[in-house]
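Open the model in your viewer and keep the sequence panel beside it. This tour goes stop by stop: what to select, then what is there.

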Amino acid sequence: MSNQRQASSASQVPHLSPAELSYLYTSLSLPKSSIRPDGRSPTQFRPLTAETNILPGTNGSARVGFADGTQAIVGVKAEVEKTVLSNETVDARSEFGISEDRGEQEGSAAVGGHGSWVQMSIEIPGFRDDDALPVFLSEMMRESLVGAVGSAEASDMTGGLKGRLVINKRWHWRLYIDVLLLSQPLSYPLPLLSLTTHLALLSTKLPKLKSQGEEDPFFDDDWAVAEYLYPRVSLSSAKHSARSPFVRPPVTLLVISVGENIIFDPNREEIAVADAVLAISITRDSEAGNLKLLSIRTVDPPSRLTQPGIPNSENVNMLGAVASTEDVAVLNPATGEEEVPGVWRPRRGGVKRSVIAEMVKTVLKKGGVGEEVLEGLEGVEVS
Amino acid sequence: MPSGAGNTMSTSLPPVAIPGQRLGSVSVYAAGPGTHVQQANIYASIAGPVVVDPAQPKTQTKSTLRVSRILPGISQDVVAAPLAPAKPKPRYNTLPAVDSIVLARVTRVQKRQATVSILVVLDNATASTGDLSKLASDNDNVASILTSAANPENHSSTDELRFQALIRKEDVRAVEKDRVVMDEMFRVGDIVRGSVISLGDQSFYYLTTARNDLGVVMARSEAGNMMFPVSWKEMRDPVTGTGEQRKVARPF
Amino acid sequence: MMADRRRINGPPGGTRPAVFASNSQSGTGATTRAQRQRQPSELRKIFLKTGLIPTASGSSYLEFEPSASLAAARANPKSLIPPSSALKLACTVHGPKPLPRSAAFSPNLVLTTHVKYAPFAARRRKGHIRDSSERDLGVHLETALRGAIIAERWPKSGLDITITILEAEDDRWWGDAPDSHDASWGMMNVLAGCITAASAAIADAHIDCLDLVAGGVAALVSDESAGSSAAPKLMLDTDPAEHRSILSACVVGYMPARDEITELWLKGDSSKASLEDGDKRTGHEALIDGAVDAARGAHTVLAEAVRESLLSAVGQL
């Protein structure tokens with residue numbers, strides 16, 4: 001078991017027989033109209049219940065439960081911390097009269113925040129916290145959270161979280177995002193964890209700052225006036241059109257391809273036959289209002305570790321019972337492998353660029369899955 | 001699809017191939033070990049010399065294309081292969097498979113079974129002739145592996161790196177199966193030649209020694225001297241002259 | 001924390017010596033940022049050799065060509081601080097070997113990847129225990145390789161792939177404030193090197209695979225000191241130390257024979273890419289294509305290294 005845990009995908013291999021896998025694959029890869037075991041459409045998500053602000057001891061929290069009983073709780077805690085090193089460097093430079101534009105650039109970078117100010121830990125029952133799966137998941141979600149800096153509009157709070165953590169040149173917030181999965185995952189836990197984290201961050205409030213400028217910070221005791229980490233009114237709404245949406249935390253979607261079909265939010269059985277699995281992080285671009293890609297990662301499809309089926313022509317027990325002509329291998333157009341219909345073979349190889357492009361397009365396009373998910377989440381936080 | 005490459009039989013074949021190199025079309029060749037098929041073409045999947053096995057007129061219509069795991073020079077068994085008993089299934093790896101002959105060291109003897117760790121997987125062609133010098137496996141120097149393994153000082157933790165196997169009591173010999181006493185068949189440290197009968201469970205292969213040519217091939221006596229076989233069930237210490245009971249393999 | 005009352009304690013919440021940036025500014029030339037001398041689509045040279053570690057069933061060693069400024073600094077050192085670094089790593093493959101007793105039966109080859117920085121590999125010392133970035137790299141590498149290996153030909157056995165990084169790529173120019181862009185861009189170069197080297201080592205170990213999978217990196221960089229208003233450009237095989245700001249980067253594990261990607265890791269904002277007129281690709285597509293082009297380049301080296309070691313083995317006997 002310990003060795004299995006090492007692999008991020010191995011833990012996800014369900015105990016399905018080759019015949020079941022083949023049946024699933026065939027129905028999911030039906031051209032243009034995949035049939036999912038639970039009757040969902042390819043872009044439909046599983047129903048879930050969500051609530052926010054459930055933990056009074058945190059700055060923000062959320063709980064999301066899927067209908068299959070898996071639940072995740074996320075608590076966000078913030079601490080004030082002294083910013084080290086970088087401002088001292090900058091001070092020294094300006095003292096020694098380094099060219100001004102350069103010092104300014106370093107300074108603005110320091111104001112941009114630091115990725116290490118956001119700490120994320122994921123606890124999944126049955127896994128040690130240094131196992132590959134929790135580490136991979138937390139790195140994946142953290143990188144989209146702290147990412148998206150470098151643009152000149154950093155002050156615009158576009159996507160990146162870390163700019164908001166700066167209090168002044170010497171102090172910043174440190175954010176701890178602790179993710180707790182309450183039961184052993186029944187499917188790849190990424191969508192659940194990402195949605196929960198998104199909601200928890202949305203509900204996160206930081207106490208209102210009373211000090212000004214470079215003073216040591218002190219805060220308003222009144223929790224009622226605390227400010228949302230992700231402000232409810234976009235800062236750029238004055239400049240841009242009135243329908244400019246709020247700044248939102250990113251959300252990571254799990255997408256699989258089966259044959260030529262693209263399927264969202266796969267459950268455990270569906271991911272077991274996937275040709276390719278992609279985790280795509282998106283956020284809303286506060287300037288243009290459309291969606292922006294933050295990161296893509298391939299996830300090792302568990303289908304590579306499944307047990308192969310044996311065609312009748314090679315099966316010793318069936319020898320002579322079946323005419324070998326029934327077992328004619330045909331070319332699977334999606335993978336280019338020769339396969340006997342109805343006989344499962346573990347997937348091998350990678351994913352075509354056209355498939356990746358198609359997946360990203362389905363997420364990002366206007367009225368696509370990404371917008372649908374974000375709108376759905378916006379509906380939750382009203383509660 | 002590039003055309004024309006497969007039409008000229010062996011002239012277009014490269015002498016050596018690296019993984020991912022296209023070798024020919026499935027319409028001309030059959031894919032053998034060391035290759036895989038993709039989009040109706042045969043590609044190499046390991047690095048090595050490309051070998052064409054001519055079609056056997058009775059069973060096959062196409063000659064088989066394979067990439068050899070063995071570098072030329074070590075083994076000349078390509079020619080010798082037809083002499084060996086016909087092997088129905090091509091071997092894709094160097095792991096123990098059903099019917100492969102292995103050399104293994106006894107690590108534990110229990111009442112009902114003996115645990116051994118597999119040192120060498122002998123190729124079928126060479127195993128039948130019993131010529132160790134022409135061994136075609138990944139183990140370059142079988143003689144040195146055996147002598148070091150038979151040395152009691154080397155019975156260390158390297159067993160973890162070897163495949164484990166079981167010889168069950170009823171698989172020790174073909175006759176008088178119910179009278180087998182495991183302690184009189186094997187001792188810890190003996191080198192046994194066995195045949196794989198099953199891939200077994202998650203941790204053990206199953207071996208049999210129920211043939212005349214299978215059984216203990218090397219053993220040390222209680223005194224620590226290398227013994228020589230005197231009968232099918234006894235070996236003798238050349239120094240002290242005492243005999244010990246073993247399930248002995250026919251030495252030739 | 002309990003204060004020790006028997007001693008006179010120092011002030012709480014310690015202090016940190018100021019870092020004077022001007023010290024390194026004193027006309028030695030060490031602070032001039034390394035500039036990219038290569039064309040946007042020109043790759044660094046790669047040294048790759050297989051079969052260097054006799055006890056392993058397969059092994060390889062990979063080295064990136066030092067950048068022009070690093071080569072100059074090595075030939076004629078002006079400062080103790082090298083301007084950039086060049087990747088050096090060694091990969092060993094052990095197995096196929098039996099699975100540990102506790103492991104469940106597997107009909108396929110079980111791959112275990114282990115990526116470790118040597119403590120001295122990066123500018124900041126790494127501990128001996130693998131940290132989360134090293135584990136993350138291991139998962140990426142595993143994904144890249146598992147897509148290429150034909151696992152069903154090796155039932156019941158495991159393959160351990162261990163990579164030691166002797167010299168890592170910098171995440172940024174060392175003279176930049178550590179906050180300026182702290183995304184781990186160097187890690188992506190390291191991953192590309194890991195994929196290429198591991199692929200060579202697996203071929204050296206004669207494990208069946210579909211193709212030699214090669215790693216490649218492309219990035220969108222905005223170099224203009226005029227400010228970030230300049231449109232970011234697509235560059236292949238970027239050395240993060242040579243660029244003022246990397247907006248987005250992508251690493252792929254790519255199999256040319258099948259035109260398939262086994263591993264993709266893209267991050268950052270790729271929406272502002274300036275492509276040539278008439279190029280209808282979106283930023284991320286251009287980035288992926290760029291990384292694939294870089295991987296194709298690495299694949300030629302990889303194929304040559306594998307062929308070379310094969311021919312020398314054939315020739316010896």
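Select L254 in chain A to begin: L254(A) stands opposite A279(A) in β10(A). Before going further, note that this is a predicted model, in which local features need pLDDT of at least 70, side-chain atom pairs count only at pLDDT 80 or more, and totals for chains, interfaces and linings use all residues. Residues are numbered from 1 along each chain as its sequence is written, while chains are lettered from A and ligands numbered from 1 in the order in which they are written.

**Stop 1: strand β10 of chain A**

Select residues 276-284 of chain A, which form strand β10(A). Helices (H or I, at least four residues) and strands (E, at least two) are DSSP runs, numbered from the N terminus. Is β10(A) mostly covered or mostly uncovered? Mostly covered: 9 of its 9 residues are buried. A residue is buried if 20 or more other C-beta atoms lie within 10 Å of its own, exposed if 12 or fewer, and partly exposed in between; the C-beta atoms are placed from the backbone.

Show the side chains. A276(A), L278(A), I280(A), I282(A) and R284(A) point one way from β10(A). V277(A), A279(A), S281(A) and T283(A) point the other way. Residues on both faces are buried.

Strand β8 of chain A, residues 251-258, pairs with β10(A) in the antiparallel sense over 7 bridges. Strand β11 of chain A, residues 291-299, also pairs with β10(A) in the antiparallel sense, over 8 bridges. Two strands count as paired if DSSP finds at least two bridges between them. For a landmark, pick R284(A): its bridge partner in β11(A) is L291(A).

Zoom out to chain A as a whole. Its secondary structure comes to 9 helices and 13 strands. Of its 383 residues, 46% count as buried.

**Stop 2**

Select residues 16-53 of chain B. UniProt, in an unreviewed entry, places the feature "domain: Exosome complex component N-terminal" here. UniProt positions are given in the numbering used here, feature names are shortened, and annotations may be inferred rather than shown by experiment. This stretch is 0% helix and 61% strand, and its end C-alpha atoms are 15 Å apart.

Look for an open sheet of 3 strands in chain B, with the order β2-β5-β4 and antiparallel pairing. Strands β2 (22-25) and β4 (35-38) of chain B stand at the edges with a single partner strand each, so one side of each is left without a neighbour in the sheet. Strand β2(B) pairs with β5(B), residues 41-44, in the antiparallel sense over 3 bridges. Click R22(B): Y43(B) in β5(B) stands opposite.

**Stop 3: where chain B meets chain C**

Display chains B and C together. How many residues does the contact take from each chain? It takes 29 residues from chain B and 30 residues from chain C. Two residues are in contact if their C-beta atoms, placed from the backbone, lie within 7 Å. On the chain B side, β4 and β6 (48-53) each supply at least two residues.

**Stop 4: confidence in chain B**

The average is 76, and 71% of the residues score at least 70. Select residues 1-10 of chain B: pLDDT stays under 50 there, and the model has 7 contacts beyond four places in sequence for them. Residues 125-140 of chain B are also below 50, with 34 contacts beyond near neighbours in sequence. Where pLDDT is low, the predicted coordinates should not be read in detail.

Next, click E176(B), in the loop between β10 (164-168) and β11 (191-198) of chain B. E176(B) has a positive phi of about 50 degrees although it is not a glycine. E176(B) is exposed, with 8 other C-beta atoms within 10 Å.

**Stop 5: chain C**

Select D259(C), in the loop between β8 (246-255) and β9 (260-268) of chain C. D259(C) has a positive phi of about 55 degrees, although it is not a glycine. D259(C) is partly exposed, with 14 other C-beta atoms within 10 Å.

Finish at G283(C), in helix α4 (residues 283-316) of chain C. Why does G283(C) count as buried? Because it has 23 C-beta neighbours inside 10 Å. Its contacts beyond four places in sequence are L220(C), S270(C), S271(C), K272(C) and A273(C).

Key:
pLDDT = per-residue confidence, 0-100.
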